Amino acid sequence: MKKVRIFDTTLRDGEQTPGVSLTPNDKLEIAKKLDELRVDVIEAGSAITSKGEREAIKLITKEGLDAEICSFVRALPVDIDAALECDVDSVHLVVPTSPIHMKYKLRKTEDEVLESALKAVEYAKDHGLIVELSAEDATRSDINFLIKLFNEGEKVGADRVCVCDTVGVLTPQKSQELFKKITENVNLPVSVHCHNDFGMATANTCSAILGGAIQCHVTVNGIGERAGNASLEEVVTALKVLYGYKTNVRMEKLYDVSRVVSRLMKIPVPPNKAIVGDNAFAHEAGIHVDGLIKNTETYEPIKPEMVGNRRRIILGKHSGRKALKYKLDLMGIKVNEEQLNQIYNKIKELGDLGKYISDADLLAIIREVLGKDIEEKVKLDELTVVSGNKITPIASVKLHHIGEDIFLIETAYGVGPVDAAINAIKKAISGVADIKLEEYRVEAIGGGTDALVEVIVKLRKGSEIVEVRKSDVDIIRASVNAVMEGINMLLS
Ligand SMILES: CC(=O)SCCNC(=O)CCNC(=O)[C@H](O)C(C)(C)COP(=O)(O)OP(=O)(O)OC[C@H]1O[C@@H](n2cnc3c(N)ncnc32)[C@H](O)[C@@H]1OP(=O)(O)O
Ligand SMILES: CC(=O)C(=O)O
């Protein structure tokens, strides 16, 4: 099985996502995650960008990670010096090669571009760096010029070359043909760097590998300039499952890394994102869930655990009775045929009203049908939140642990009043159970400052996860009520 190297550019091209910038510590946290994932190269940034960027790259190179640490550089000594200052192993030395980039951006002729590129490669090699010589906008360039640049680059010591589909105009067929021609005419290992302007980045990257490339540039969650880059999780999984190639990536960590990057970059992962989206293995339609219960392969091409994701059975308008029974069994709730039908009909009614049915909603329906009252284990007795322009938001809570008949009193700070309130509840409950807040989302219903807000929280206790939605005009109340209800569900 052929092995493909993974060159991760989340911290360089990914960070070029408009509006995103990371602190040095954020970059270090992501780099460590990428190293645990076992990518082969981490492009940690462009050292020339700023003092903070150099500080970040230095933090990463000092960490002694297993991955090769690389900096983007232009074909300029000043960029290479900045990369050297950060003690990187390698440089991704980028040279625009298309007529449009050379004429308008660089205002140089082909010969001048070639000369400056080769000088830069020599300079980087003289200073002990591994050099990946990359052709920017290669897919709109003259292929003979690309081959010439790469072969001349080899003569002055370049270690690898890269073909960049900078504005994402390749198609899978063209990609395979292009990489076949390049690899037939160039001795150095060839890498591929694809953008997603037409939603083709993953397919084009895989086709480049079929054509002979041995390394691909990818970003976590496919983030990057404009429509982004080829996504790491898609490429790695497609290469393994659909094409039969190997990588060093520990695929079971993909979901976790995706969420760390999403949190630090503040870019939510779309639910329908392949491989790592929350809907990638979620099923509502009754016919699908019935099939899945009989054999998961009916509607899942791979097991969610393979990529660290999990299966979610969602109840709603499209559910069938088997899905409901499956959910009830998971919750350890026994019902007779008539009760099952009653619960089922209520789910359909809510679905027809356009409602999403969360775990908490399901529990409420079950309680209504089975005639059981809500048994609270922990009750919110008091909540005080103080916030303002000259005070760090602080909250204190008093929870009544009903079973033990004791009060749990805690105070906590937060970045805002909601954060402070939730932190105080987390602290108070920590002695009772290990409950983690996995996800917190807010959706406004209507406009204006008095709009109803809906807060969605996901809480985890061990392997059990519950989702609760609560709406209120007061975001703090909605958040706290959602968290308290989730805690009670996990404790019951
Ligand atoms: C496709 C890609 O992703 S390319 C990577 C994009 N990444 C970045 O731009 C990193 C962040 N950039 C920055 O912080 C800044 O742009 C800097 C520090 C690199 C440069 O800032 P400035 O010196 O103010 O230049 P500015 O950004 O305005 O213009 C870019 C210059 O680099 C030149 N240039 C662009 N690419 C290259 C290259 N590969 N090799 C040599 N020169 C290049 C341009 O022609 C232009 O030069 P000019 O001033 O002679 O016209
Ligand atoms: C180098 C790079 O990021 C590009 O050409 O897209």
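Let us begin with helix H10 and its buried residues: Leu-232, Glu-233, Glu-234, Val-235, Val-236, Thr-237, Ala-238 and Leu-239. Please keep in mind that the model is predicted. Helix H10 spans residues 232-241 and is mostly covered, with 8 of its 10 residues buried. What lies over these buried residues? The cover includes strand S1 (5-8), helix H9 (201-211), strand S8 (215-218) and helix H11 (254-265).

I turn now to the strands. A barrel is closed by 8 strands, in the order S1-S2-S3-S4-S5-S6-S7-S8, and their pairing is parallel. From one strand to the next, the twist averages 25°. Strand S7 (residues 190-194) runs parallel to S8, and 3 bridges join the two. Within this pair, Val-192 stands opposite Cys-216 in S8. Helix H9, already mentioned as part of the cover of H10, packs on the sheet and touches strand S6 (160-165), S7 and S8. The direction of H9 makes about 170° with that of S7. Elsewhere, helix H6 (residues 110-126) lies across S4 and strand S5 (130-136), at about 175° to S4.

Finally, the ligands. How many residues surround ligand 1? There are 17, and the closest are Ser-46, Thr-49, Arg-74, Ala-75 and Val-94. Strand S3 (68-74), strand S4 (90-96) and helix H5 (99-106) each supply at least two residues of this shell; S4 gives the most, with 3. By class, the shell around ligand 1 holds 8 nonpolar, 4 polar and 5 charged residues.

Around ligand 2 we find Asp-13, Val-94, Ser-134, Glu-136, Cys-164, Thr-166, His-193 and His-195. The shell of ligand 2 divides into 2 nonpolar, 4 polar and 2 charged residues.

Technical notes
Residues are numbered from 1 along each chain as its sequence is written. Chains are lettered from A and ligands numbered from 1 in the order in which they are written. This is a predicted model: local features need pLDDT of at least 70, side-chain atom pairs count only at pLDDT 80 or more; totals for chains, interfaces and linings use all residues. A residue is near a molecule or strand if its C-beta atom, placed from the backbone, lies within 6 Å of it. Ala, Val, Leu, Ile, Met, Phe, Trp, Tyr, Cys and Pro count as nonpolar, Asp, Glu, Lys and Arg as charged, and the others, Gly among them, as polar. A residue is buried if 20 or more other C-beta atoms lie within 10 Å of its own, exposed if 12 or fewer, and partly exposed in between; C-beta atoms are placed from the backbone. Helices (H or I, at least four residues) and strands (E, at least two) are DSSP runs, numbered from the N terminus. Two residues are in contact if their C-beta atoms, placed from the backbone, lie within 7 Å. Two strands pair if DSSP finds at least two bridges between them. Axes are lines fitted to C-alpha atoms, for helices over the stretch in contact, and angles run from 0 to 180 degrees between N-to-C directions.
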